Amino acid sequence: MHPGPTINSDSPPTNHSIMTSKHDIYLPLLPPQNVIILPLYQRPNRHRFLRRCLYITAALLLLSSFIFLIYPSDPNLQLARIRLNHIRVNSSPKLTLDISITLTIKVHNRDFFSLDYDSLDVSVGYRGRELGLVTSDGGRVRARANSYVVATLELDGLEVIHDVIYLIEDLARGLIPFDTDTRVKGQLGLFFFKIPLKARVLCEVYVNTKNQTIVREDCHPE
């Protein structure tokens with residue numbers, strides 16, 4: 001008789017000798033997974049956003065102010081003074097009028113560049129009828145400054161047949177209404193450019209023939 005197989009308790013069991021019980025749990029093998037590393041989330045910096053908005057707003061305000069300052073504008077005209085030097089009605093050989101009027105025109109340059117004007121024309125009328133036109137020489141007005149132009153209108157032998165009745169009435173009460181139309185044309189020196197500018201102002205003035213002063217003045221630019 002051959003002796004039975006001997007079991008060596010020190011040797012590890014083989015695959016065929018592994019015993020399992022009903023309480024053992026099998027874990028399924030998971031497929032390999034890809035790992036995605038996301039960048040660290042940073043909350044938006046509110047102070048940096050507000051500071052950037054303030055910088056942009058300040059830049060826009062500076063740009064708007066610069067454009068406003070260099071943008072050319074027409075000069076401002078104002079009838080500063082009108083003086084009636086003399087007025088005389090001639091009845092022989094026919095009814096005529098001799099009149100001398102001195103006007104002082106204020107030219108205000110609102111720009112930050114000098115203004116060169118070629119001439120200044122002043123038309124004087126009486127009750128809607130033009131009496132005469134006087135033209136002064138050109139000149140220059142400095143930036144943000146005023147210039148006064150004096151023009152004298154001399155009219156001798158002016159026929160006033162149509163308005164003689166009104167003229168006699170106005171002379172009797174010592175108050176004569178005049179219409180003035182002042183125009184100026186010039187050029188604004190903006191760096192290397194010459195920008196044409198023009199202005200016009202219409203005035204209705206009442207002159208006291210006794211003290212040669214303006215009693216009332218109503219002007220509006222166009």
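This is a predicted model: local features need pLDDT of at least 70, side-chain atom pairs count only at pLDDT 80 or more; totals for chains, interfaces and linings use all residues.
## Overall fold

The protein has two helices and nine strands.

Of the 222 residues in the protein, 31% count as buried. The exposed surface comes to about 17000 Å², and 58% of it is supplied by carbon and sulfur atoms. Among contacts in the protein with a separation of 6 or more, 64% are between residues 24 or more positions apart.

## Disulfide and cysteines

A search of the whole structure finds one disulfide. The bond is formed by Cys203 and Cys219, with their sulfur atoms 2.0 Å apart. Cys203 lies in strand β8 and Cys219 in strand β9 (residues 213–221), so the link ties together parts of the chain that are 16 residues apart in sequence. The link of Cys203 and Cys219 is right-handed, with 115 degrees about the S-S bond. A disulfide is a covalent bond between the sulfur atoms of two cysteines.

The two partners can be set side by side by accessibility. Cys203 has a relative accessibility of 5% and counts as buried, because the cut-off for buried is under 20%. Cys219 has a relative accessible area of 31% and is partly exposed. Another cysteine, Cys53, is also partly exposed, with a relative accessible area of 33%.

Ser136 is found in strand β4, which covers residues 129–136. Its relative accessible area is 10%, so Ser136 is buried. Leaving aside residues up to four places away in sequence, Ser136 touches Ser119, Leu120 and Val149. The C-alpha atoms of Ser136 and Thr152 are separated by 8.9 Å, and these two residues are 16 residues apart along the chain.

Ser147 lies in strand β6, which covers residues 146–159. With a relative accessible area of 15%, Ser147 is buried too. Its contacts, again not counting residues up to four places away in sequence, are with Ile105, Lys106, Val107, Tyr117, Arg140 and Val141.

## Largest pocket

About 230 Å³ of space lies in the largest pocket. Its lining is made of 14 residues, and those that lie nearest the centre are Val184, Lys198, Ala199, Arg200 and Glu222. By residue class, the lining divides into six nonpolar, one polar and seven charged residues.

Which strands each supply at least two residues of the lining? They are β1 (76–90), β7 (175–190) and β8 (193–208). Strand β8 gives the most to the lining, with four residues.

## Points to check in the viewer

The following places can be located in the structure above.

- The link of Cys203 and Cys219, where the sulfur atoms are 2.0 Å apart.
- Ser136 with Ser119, Leu120 and Val149, which Ser136 touches.
- Ser147 with the residues it touches, including Tyr117 and Arg140.
- The centre of the largest pocket, with Val184, Lys198, Ala199, Arg200 and Glu222 nearest to it.

Note on methods
Residues are numbered from 1 along each chain as its sequence is written. Side-chain values use heavy atoms; hydrogens and water are left out. On a 1 Å grid over the protein atoms alone, a cavity is a set of points where a 1.4 Å probe fits but cannot get out, and a pocket is an open set with protein on both sides within 12 Å along at least five of seven lines; lining residues have an atom within 4 Å of a point. Grid points are joined across faces, edges and corners, and a volume is the space filled by probe spheres set on the points. Ala, Val, Leu, Ile, Met, Phe, Trp, Tyr, Cys and Pro count as nonpolar, Asp, Glu, Lys and Arg as charged, and the others, Gly among them, as polar. Buried means under 20% relative accessible area, exposed over 50%, partly exposed in between (1.4 Å probe, protein chains only). Contact means heavy atoms within 4.5 Å. Accessible areas come from the Shrake-Rupley method with a 1.4 Å probe; for residues, only the protein chains shown count as cover. A disulfide is a pair of cysteine sulfur atoms within 2.5 Å.
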